[in-house]
Amino acid sequence: MMLFSQARGLPVLTLTESDEIGVLKSLTVDAPAGVVTHVRVRRRHSRKESVLAWGALHAVGPDAVLVRSAAAPSEVPPHHELPGLRILTETGDGLGTVQDVVFEPETGRIEAIRTAHGDLPADHLLGLGDYALVVRASAG
């Protein structure tokens, strides 16, 4: 298992040439599916960002992210920064904020959402937007 906070800032390297193309800035999540779908990479020596589909990655490890292809995906979903985002139940009750996200680096599967009150299992995720992460009411 790995945390989003551990993945952010990792160098992103091409698999074939081991050239650093940038650093991992953030991960995009499909909340209802409970998976990471894309990664955002801040380009080296630039403020520009690029987006890579999770399938373009070869490996995510403690020291680096290896990519098979740095080609841009055909579709880029909306991105919402999870850490720091408010958590609401489907009934509107607040559960604090997202502290971190536990995920499986081989598959991108979300395992849990870390909060100040404990972990919320990924199967409780319902939706994600600019304002909040929405979870099942039984999660709280």
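Predicted model: local features only at pLDDT ≥ 70, side-chain atom pairs only at ≥ 80, totals over all residues.
**Aromatic pairs**

I searched the whole structure for aromatic pairs and got two. The one I looked up to start with was Phe4 with Phe103, which is edge-to-face, with 5.4 Å centre to centre and 75 degrees between the planes. I checked where these two sit: Phe4 is in helix α1 (residues 4–7) and Phe103 is in strand β10 (residues 100–103), so this pair links distant parts of the chain, 99 residues apart. Buried or exposed? Phe4 and Phe103 are both buried.

Then I went to Trp54 with Phe103. That pair is edge-to-face too, at 6.3 Å centre to centre and 85 degrees between the planes. Trp54 lies in the loop between β5 (49–53) and β6 (57–60), and Phe103 is in strand β10, so the pair ties together parts 49 residues apart in sequence. I looked up burial here as well, and Trp54 is buried, as is Phe103.

Putting the rings together, I get a cluster of Phe4, Trp54 and Phe103 linked by ring pairs.

**The sheet with β10**

Next I followed β10 into its sheet. Which order do the strands take? I read β1-β10-β11-β12, four strands in an open sheet with antiparallel pairing. At the edges I found β1 (2–3) and β12 (118–121); each has a single partner strand, so one side of each has no neighbour in the sheet.

I also looked at β10 against strand β11 (residues 110–115): they pair in the antiparallel sense over four bridges. For Val101 I noted the bridge partner in β11, and that is Ile113.

How values were computed
Residues numbered from 1 in each chain as written. Heavy atoms only, no water. Phe/Tyr/Trp six-rings, centres within 6.5 Å; stacked < 30°, edge-to-face > 60°. Buried < 20%, exposed > 50% of the residue type's maximum accessible area, 1.4 Å probe, protein only. Pairing = 2+ DSSP bridges.
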